[in-house]
Structure formats: structure tokens, C-alpha cells
Amino acid sequence: MPDPRSDPGRFASVRLQGAPGSASGAAPPASGHAPRRGAGLWRRLVGGGCGCCCRRRRSPGWDPPPGEIPGRRPPQAPRPGLLVPAALLVGTAANRVAHHTQEFAQRPLVVRRGQLFHVGVVLPRPFDPDGDALCLELTLGPTPQVAKGTHVLVPLGEASPTGWTAEAEEEGPGAGPAGGHALWVGLKAPPDAPIGRYRLSVKTRTAHGEWAAPFDDVNDVVVLFNPWCPEDSVYMEKTSDLAEYVLNETGRIFYGTEDQIAERSWNYGQFEAGVLEACLYILDRRGMPHSARGDPVMVSRVVSAMVNSLDDNGVLVGNWTGDYSQGTNPSAWAGSVEILRGFRASGAPVRYGQCWVFAGVMTTVLRCLGLPTRTVTNYNSAHDTDVSLTTDIYFDENMKPLERLNTDSVWNFHVWNDCWMKRPDLPDGYDGWQVVDATPQETSSGLFCCGPCSVTAVKNGEVFLKYDTPFVFAEVNSDKVYWQRQPGGAFAVVHVEEGAIGRRISTLGAGSGQRLDVTHQYKHPEGSEEERKAVSTATSHGSRPRNRGVPSSGEVTLTVGAGPAVAGAELELRAVLRNQGVEPRTIKLRLSLCAVRYTGVAGSPFRQEQHRRTLPPGEEETVTMTVTFDEYRPHVGDQDALKLTAAGAVQETGQVVAKELRVRLHTPELTLTLLAPAVVGQETPIQVVFQNPLPEALTGTTLRMEGAGIACPKPVSLGSVGAGQTVRLSQSVTPLRAGRRRLVAALESSGLGPLHGSLQFDAAPAPTGSTGSAGSAGSGPAQPRRGRRRAGRRSGSTGG
């Protein structure tokens, strides 16, 4: 193990002499080997470890004296003959690299369960394995208990009943600021240990009695899930993907419509200062038992409930009204860091969020805790609470949409998360990606949360498996059913459009940096035997079992489309009719245009047209609708789209044709340029360029910037920007960590949805002799002179 003198600044070093402890020579009663009942209400784990399987003979128990609360000790002076450690040296830079936690701040030490890390115990004399005994003690939460795995006693050379192990590895002279001998101990949490911030101390025993060192915050250790460890339930076999799903601090979130997929950069910032504390605070605020925090199923479920503010005053207040005067426009956020820091600092929900904000924060929290997580966008996402698997659209006798009856909600896009884990609570075959959704849509067991729901179960229509599989299945599997009012007042099905729901399901591909279509992971190919079986399975367990309708067919086909859709410019919409029969056909067609929020809520039509066309056999004709900026501007708000509904009937045969088209108006991106080399600790100028695309001035413009490992300025107000005006703005940022960094920017204004942009650059390390980043591990220390080596040395890393 490295001598701390060769690696200054990388260890917690706390003087322990004079600290309180047990002054009596009598050893406390042995604790025995009572089985652990860990993970609270959800799991039972049985640990082991007894004297017969340990290398050394079993020591007497290390339980605290009667009346002592674990983690709190009354002050007492040491007596002669006791072995009193001078300091604890917690963790090494090599540990941080091996555990993939070097991007976190140096303190507290962050490690992953199921993987060895090192604690140096600085003693006034060499440790005598025949006459001395030593035990590492850890506590988790305010009321630690041995039976629940939150009070851990790990004798040197033995295993605790809960599976923690401590093995002496080597000893060297003259270590630490107090001098003495450093006994290096390899400490490892079991791969099912509860995650969280553990307090760490040490106990020693000689013939003269026992000494219990005090607990000190600087010795704390945060234990996370370990997707690199094969025994951990979040293990991902393809560890190369973990560079994206756990370690990547920035990403892209997809939005728009299925025909006009747009993307925006998002700063997850899971390693930023204060974010880890906020993530653990989220679990505390929910009151989640510390003993249950080893179960990723329950941790992800609690996080999905806590990221929204309903029920529990969680992280974000949802707002879809368009009035954001009491907070921040959801589209103006550039990342999760400011949101999580604000929630932790105030304890009050942050205003405001919509689905992509909830999902972005969810990704940050789960990646920070060690759960592989991806952000997923589903286009044409249905909101169906009764699993009817239909989206119903109503028309009157003249094929005019009856919006008051069109209450089924189909979101232009909806963003949720997938996290990777084993599902021991389900039958075999449902491990892997699990849907979790923090956007508050419907309650689950009385709470606004969703998941984890096996993606495999969704694909196969097995809606009887927990959690919330019926709701997720309905989001990606549905038919559009068109109803027309008949002369007697009743409605009849006149057209069925299959495969319209759950389109182009997208995420950021690991390693590619490109959009990855994962629709095939959620759904079998449309019309295949497997897909029909999945739908049959789902509907047999739904509230309204039904047979799928037969898709409409006929001689006349209808398609809809649009020309270039740019905010501020004229828009051309078109409906194309084609006669595939052998006789002329006459069609009466109605076009209706309205604004629709991304959640599927439609406004009243502001433009309607009727057309009559006669088509010769084998011919087609295009019907166009031209809409000016002045006509659509009063109706289209932030994240809104325009919805064209085209519906008609063939005069000769009665055939009905109907289609919907949603058009998103494109806005320009911000252009960010690095104006000087980026160096850690030095201000770096960035130029931001944008152009107002509208034929009118923008007011209330505000620029917000965020980046992982980058200190950014506070939001800047830019005032008014004239029609067509190009603005060039210089802002300074300061890299805090070396390596590849991504800066994300968002410009909010009235009259135009927020504009976004990003810049990737490499930050050079700080010059020698200057103050670098507190969060960077830097290069590993030189190897020191080795002392006495103990048998049974274990590797400091697991997997990648």
C-alpha cells in the first residue's frame, strides 16, 4: 500500500490519541453470529463468517458496552498499555481510480460495494497479530443496528455476519503526521450492502483492555452500487457501456415529433460538488429505511417518487400551464445540478419541471448512486389509465373533429428513464433494463411514481408483473380508432390506424454519441405473430379486454406532410390523395388546424378548410394549406406543435380516410465558441452567438449556462433583441477538472421557446505549483518502500 507521505492530500488523517474509549480491562460480551435481517421490509439477507473458517482464531465480540449508542461515545482518557491509534488514513488515489469514483470530491471517500478499498491505521508500535486484536466499525443512519446491517463490526482477519471483510495487507514504519507504524487494512463491503454514507472508526484490544477510537466526519465513507462487480445486482456485463450509463456527465435528450426529432444537450453533473449529498438527502427525505438501501428495485422506486413534488414535497414541481412567472420555464434548464443543489439547500421543491426535466434529474440521481441509467424518449406516447389500448378520436357527420370528446391524451413525446438491474422479485427472464418514470401522471400504490417495470415484460405484454407494467405497455402499444357520429346520434368506428402509438423510441447510444432507436426492445415488429400475442396477453388482463380492430383499407389512400417548418416563417401543409382503383373516385376532404401541447392537449381549431376532389384511376392530387406567421403566432407557445387533422369520405363507396400530422416549428441553436485554451482554475472566454428568427423583437431574454466540472456565471439578462438581429456575447467560465468537458447553454425569452447549444472542449491540468481541482484524483502516487506484507492480499478493483 502507498505510504501517505508519497501521496499528500489524498488521505483523511485524523489524530485519535486522547479520544474516548473503554477504559476497563474486561472485554464486552460477545455478540455471537445472529443472522442479519437486512434491507428492511423488502429483503432478508443472511450473512456468515465464523471462527472455524477464519485464518486467525476468533476474537471475543466487539459490541459496544451496555448503554452506548453506536457512533456516539462519551469522552474518556486512555490508560497505559492500551493500543491507541494516532490516525486513520482512509482510502487512496488508486482506490478512487479502481472504483471509478475519482471524479467525486476527495472527501468523503466514495467507493463501490463488493470491491476492496484500504484503510491505514497509524499505530504507535508494530501490530502484534498474536497479542493484539483490531476491529473496524461502521455505522449507517441515525439508529444503526447490527441485525439490520447498519452497524457493522469487522474484526481483522474475519468476516462480519453481514459479509464485510477486513484483511491486514502490509505494515510500514513512519507513516502519517503523527509518525508510528501504518497497518494497512483491505476493507470490502458485500455486494448487497446498503448504500449510503457510513461513519468509520476503529477498535483495538490488548491484554490491558480495549480502546474505541472516536468517530470523525472526515473518516466517512460513501458506499455506492457497483455495476462493475459481477455479484452486485446492478452488474452490467458489457462494462464498456458503463462509460455512458454511469460515468458520462453530459448527454442529449430527444424531443419534438416522430417526423421531426430534435435534441438538446443536458448536463447531468452527477460528480459535481453537492450532488451526491443531494441524492442521499432525497432518500432521507422520503424516510427510506437505511437497511433497505441495498435493493436497487426499491431505491429506484423511491427516487421516481421523490423527483416530483407530489405526495412528498420532492425535488421538482410540475407545471404545464404555460405560466412560469413563479419559477423557471422548464425549457430554460440546462441541466440537473442547479436543481439538485437548490433542493438540498432550501429543502423546498424547485419550480418548474416537465417530463424531460424530471427524466434528466432522474438520470443524474441514479447514475450518481451507481445505477446504470439512460434517458429514453417515446414519440406518440399514449396516456391510458384503463389499458384499453385504443386512442379514440371523434368526428361529427361532416368529419369535423369534436375536441370536447377527444379526451384521450397522446403526447407528442414523453421522456422517462431505463435503469439496469436484476429482478429477483420477478420470475427468471426479466433482468436488464427497467422503466422508471418520475413525471407525475398516475398514482402507483397510492403514490405518484412509476416503475421499475421490466422492458421485457412490456415487450411481451405481461402486464400482470410489477411495477406499473399496464401503464407503460399502454404508452407504447395502442391503436388510433376514428369514430364518426351517425344520423341517429350514435358513433360508429369508421377507421382504425394500427401502430400509431409508441414510435421511434430513442436514447443516446453508448459510445456512438448518436441517437439509438430502441423501439425493438419495447415492441415486437408491428403485425408479427409475437406482437399479436403480446397484445392478446395484455388485453386479457386489462380492464376492458377487446379484440383488435381490422385496419381500414380501400381504393383511396391519404397521406399528410409539411414543408420546412421554421419559427417566424410561412408554413405549408399538404394532404395527398391517391386513387388506387380502376374507377374515378370523388372525395370530400376536411382540413382542420390547431395548436397542440406536447402533452397532447389540443386547442380550438383556428383554421378549417373543405375541399372536393375527383381522382381518375391511378392518379393522385395534393391539397395544400398555407399558414402565415401572423396566423399561427397567437396560438403556438413553448413546446407546442401544430396539429393538422385531415379526414374525408369517398362519395361512391363511403370509404373513410383520416390522418393526423403534428408539426414542430424549428428554432435556431446557440453557437458556442472557445476563444482561448481551457486550463483548470483559469477563466476561459466563451463566445455565444444567436439570431432572432422572428419578424418581431424578443424581450426578457436570459442566458443560463451549466457544465460538469465547470464553474459557470449566474444567469445573465440580455434585454431586448430586435427582429432578425444577431447577438454575440462573451462569457467566462472556469474549468474545475481536467479532461473533456461539455458546456451547455439555454436562452429563454418571451415569444420564442428557449434556444439551446453546447460546446465540448478539453481542459488542460493546472500548471505545476498552482491550486488544482479538489475533485480530481490526478496521477497515482509513486510506490513507497514496502513494509511487512500479510498473506491473502486482495485486488483493489473488480471488473473494468
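Cys355 is buried, with a relative accessible area of 0% (buried means under 20%, using a 1.4 Å probe and protein chains only). The model is predicted: local features need pLDDT of at least 70, side-chain atom pairs count only at pLDDT 80 or more, and totals for chains, interfaces and linings use all residues. Residues are numbered from 1 along each chain as its sequence is written, and side-chain values use heavy atoms, leaving out hydrogens and water.

**Around Cys355**
- Helix α6, residues 355–369, contains Cys355 (helices are DSSP runs of H or I with at least four residues, strands are runs of E with at least two, and both are numbered from the N terminus).
- Leaving aside residues up to four places away in sequence, Cys355 touches Trp320, Trp411, Phe413, His414, Val415, Thr439 and Tyr598 (contact means heavy atoms within 4.5 Å).
- Pro330 lies 25 residues from Cys355 in sequence, with 9.0 Å between their C-alpha atoms.

**The whole chain**
- The protein chain has 11 helices and 41 strands.
- Of its 800 residues, 57% are buried.
- Among contacts with a separation of 6 or more, 71% join residues 24 or more positions apart.

**The second largest cavity**
- Lining residues of the second largest cavity include Glu244, Tyr245, Arg252 and Leu508 (a cavity is a set of points on a 1 Å grid over the protein atoms alone where a 1.4 Å probe fits but cannot get out, and lining residues have an atom within 4 Å of a point).
- At least two lining residues come from each of α2 (242–245), β12 (250–257), β16 (373–383) and β23 (503–508).

Methods:
On a 1 Å grid over the protein atoms alone, a cavity is a set of points where a 1.4 Å probe fits but cannot get out, and a pocket is an open set with protein on both sides within 12 Å along at least five of seven lines; lining residues have an atom within 4 Å of a point. Buried means under 20% relative accessible area, exposed over 50%, partly exposed in between (1.4 Å probe, protein chains only).
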